[in-house]
Amino acid sequence: MRKFALVSVPYFWLLILFLVPFLIVLKISLSDTALAIPPYTPTLDLAEGWAGIKAFFAGLDFENFTFLTEDPLYWKAYLSSLQIATISTTLALLVGFPIAYGMAQAPDEWRTTLMMLVILPFWTSFLIRVYAWIGILSTEGFLNQFLIWIGVIDTPLIIMNTKIAVYIGIVYTYLPFMILPIYAALEKLDNSLLEAAEDLGCTRTRAFWLLTVPLSRPGIIAGCFLVFIPALGEFVIPSLLGGSETLMIGKILWEEFFNNRDWPVASAVAVVLLAILIIPIILFQRNEQKQREAGK
Amino acid sequence: MAVPVFAPWEDPTQKPLIQFKGVTKRFGDFTAIDNQTLDIYTREFFALLGPSGCGKTTMMRMLAGFEQPTEGQILIGGIDMKGVPPNEREVNMMFQSYALFPHLSVWENIAFGLRRMGQPKDELEARVEEMLRLTRLTKFARRKPHQISGGQRQRVALARSLARAPKLLLLDEPLGALDKKLREETQFELMDIQEKTGTTFVIVTHDQEEAMTVASRIAVMDEGCVIQVATPATIYEAPNSVYVADFIGDVNIIEGAAKRAGTGYEITWAEGEAPLHTRKEEGEIVAIPEGGKAYLAIRPEKVAIHADKPQGVANAVQGKIIDVAYLGNLSTYHVRLANGTMVRAQTANTRRLALRPFTWEDTVWLSWTDTAAILLAE
């Protein structure tokens with residue numbers, strides 16, 4: 001009984017804070033827009049009893065989802081989001097792995113400090129950090145000033161309001177999520193395994209590819225998902241750093257909700273986004289599961 | 001027909017496989033190995049024995065190439081190993097933790113070293129199968145390391161390190177993780193495999209019984225120095241120092257002043273007690289300065305215990321039984337002599353426990369022959 005009570009806590013939490021809100025969003029996505037508060041119909045009127053419930057369900061349809069397939073804007077935004085998330089994740093891996101590797105190789109007494117440095121950006125507001133990048137990347141920004149000053153370029157680079165700025169923003173923001181799981185995997189790596197590989201005729205480089213990389217794979221996969229999943233629905237970074245040509249579904253969603261006040265279409269966009277995200281989330285969970293089993 | 005005794009270290013025409021020449025290894029201020037010279041011969045099963053921190057693992061890691069000597073030279077097969085990385089040495093090592101690759105199957109673990117040699121596929125497969133048979137692992141070839149038992153993992157580690165047919169195999173505490181019974185079985189297996197493959201084995205261990213069982217010669221080490229290198233029998237019967245005598249097996253040490261007496265020595269050890277006598281076997285030399293401080297080392301099993309004063313023995317001392325340790329097959333009597341020295345005497349329990357002739361607080365006589373004890377200077 002006590003065990004049941006303990007187990008039920010996280011499920012209860014999920015029910016209240018995840019499933020119920022999701023059902024509400026799902027319901028809105030099946031509704032129609034209306035000039036009302038809230039801005040959609042039908043609303044459930046329990047005072048009318050059974051007839052009210054029947055009328056409520058009769059008012060729901062898949063019109064908004066059909067609309068998403070008709071306007072190319074949406075599927076283009078989804079595709080573009082997937083592309084940006086994939087490229088950002090790859091870049092974050094390329095930057096994050098060497099950092100995690102360096103941390104794992106560092107002397108013990110440095111590791112805590114290095115870990116702190118990786119987490120340090122979280123101490124400042126995410127929004128402020130993204131704004132700071134505007135100051136760095138804009139035409140008159142620090143980066144251009146610096147490059148012109150050392151004479152690498154004559155005219156300022158146009159980085160701000162391009163996809164490149166979005167990549168920089170995403171990689172910068174989510175890098176700790178890439179570094180930490182990879183570092184955790186690399187730190188556990190027994191150094192005698194690498195010595196054994198060397199002893200059995202491997203060069204150090206070869207031992208790295210044959211042992212370090214495959215053995216840190218669970219960490220790499222975890223890191224990639226932790227970057228990919230939030231990057232896919234990212235809204236703040238493309239709005240602030242990306243230009244008008246940067247199409248991301250998070251941004252569309254925001255515009256539908258707040259500019260168009262079309263809650264039903266916005267909800268439909270959110271539901272589809274969740275459906276897309278569920279695939280990598282399930283894959284991620286299976287990876288974690290496998291790792292746990294292997295660890296036993 | 002007499003089987004020729006394997007003793008290349010006694011043959012001056014033999015060239016050693018491994019030569020340590022004045023090797024010193026320092027880690028910062030700490031001297032792990034202090035100017036050591038040591039020869040190990042082909043086909044030897046050589047044990048480096050000592051307490052933890054004595055430098056035995058450092059010696060081994062220098063052979064494997066993971067550490068470079070600070071001073072001196074290490075030669076393997078007559079070639080200076082300076083600057084030769086581990087992957088280019090014909091030396092393989094079995095790690096204490098086994099260091100099996102967790103993401104590879106038993107088969108792939110064994111094949112790992114062979115793949116680096118670029119062998120043709122069929123040769124490689126044949127060699128892996130051979131190794132699996134040698135270590136009786138054929139049934140487990142497809143399993144991952146975490147799916148097999150500790151003893152099996154130990155055999156995978158051995159098979160993997162032997163697969164490349166190295167000139168020299170290094171074993172770092174190879175049986176440390178196994179329980180006693182399995183350890184004893186595995187010791188004989190190791191000796192068997194060593195004989196079959198004809199590989200030179202160097203084993204690092206802190207377990208003197210293990211070293212005695214498997215090794216052709218043992219180097220007893222302490223604080224970065226090799227104290228004695230000899231066969232197990234010599235180490236046990238004729239240790240060159242109190243340290244070695246004490247480290248290997250059980251020993252009674254009686255301190256006294258030595259004086260030459262005929263072919264042997266007379267040791268005055270306590271006032272009012274008859275001096276003890278010791279005589280050396282032929283060829284054994286002890287250099288004890290006349291009247292100098294000396295230590296008499298006697299193994300407990302060489303001490304006999306009597307109720308009455310024995311007649312016609314070289315050494316007899318009286319004492320009181322303080323403690324009796326019953327070990328099943330053996331009993332060890334802890335006897336306190338008149339001057340407080342504790343001497344242990346060990347007897348085989350050939351009779352049932354109830355018939356034991358001596359017990360606590362009994363006054364008894366201990367005796368040993370004049371060749372049983374070894375006189376040591378330090």
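The questions and answers below go through chains A and B of a predicted model.

Residues are numbered from 1 along each chain as its sequence is written, while chains are lettered from A and ligands numbered from 1 in the order in which they are written. In this predicted model local features need pLDDT of at least 70 and side-chain atom pairs count only at pLDDT 80 or more, whereas totals for chains, interfaces and linings use all residues.

Reader: What radius of gyration does chain A have?
Author: The C-alpha atoms of chain A fill a box of roughly 80 × 65 × 35 Å along the principal axes. The radius of gyration is taken over C-alpha atoms, and the globule rule is 2.2 Å times the number of residues to the power 0.38. A compact globule of 296 residues would have a value near 19 Å, but chain A has 24 Å.

Reader: What percentage of the 296 residues in chain A is buried?
Author: A residue is buried if 20 or more other C-beta atoms lie within 10 Å of its own, exposed if 12 or fewer, and partly exposed in between, with C-beta atoms placed from the backbone. Chain A has 14 helices and 2 strands (DSSP runs numbered from the N terminus: helices are H or I of at least four residues, strands E of at least two). Of its 296 residues, the buried share is 32%.

Reader: Which element gives the largest share of the side of chain A that touches chain B?
Author: Across the interface, 14 residues of chain A are in contact with 16 residues of chain B (contact: C-beta atoms, placed from the backbone, within 7 Å). Two elements of chain A give two or more residues to this side, α9 (191-199) and α10 (204-215). The largest share, 6 residues, comes from α9(A).

Reader: How many charged residues are on the side of chain A that touches chain B?
Author: Ala, Val, Leu, Ile, Met, Phe, Trp, Tyr, Cys and Pro count as nonpolar, Asp, Glu, Lys and Arg as charged, and the others, Gly among them, as polar. By these classes the side has 7 nonpolar and 3 polar residues. The number of charged residues is 4.

Reader: How far apart are the centres of domain 1 and domain 2 of chain B?
Author: An automatic or database domain assignment gives the bounds, and chain B is divided into domain 1 (8-242) and domain 2 (250-376). The contact between them takes 4 residues from domain 1 and 6 residues from domain 2. Taken over C-alpha atoms, the centres are separated by 39 Å.

Reader: Why is Ile227(B) classed as partly exposed?
Author: Ile227(B) is in strand β10 (residues 225-230) of chain B. Leaving aside neighbours within four places in sequence, its contacts include Val220(B), Ser241(B) and Tyr243(B). Ile227(B) is partly exposed because the number of other C-beta atoms within 10 Å is 19.

Reader: How far apart in space are Thr197(B) and Leu170(B)?
Author: Thr197(B) lies in helix α5 (residues 180-197) of chain B and is partly exposed, with 15 other C-beta atoms within 10 Å. Thr197(B) and Leu170(B) are 27 residues apart in sequence. From C-alpha to C-alpha, they are separated by 14 Å.

Technical notes. Two residues are in contact if their C-beta atoms, placed from the backbone, lie within 7 Å.
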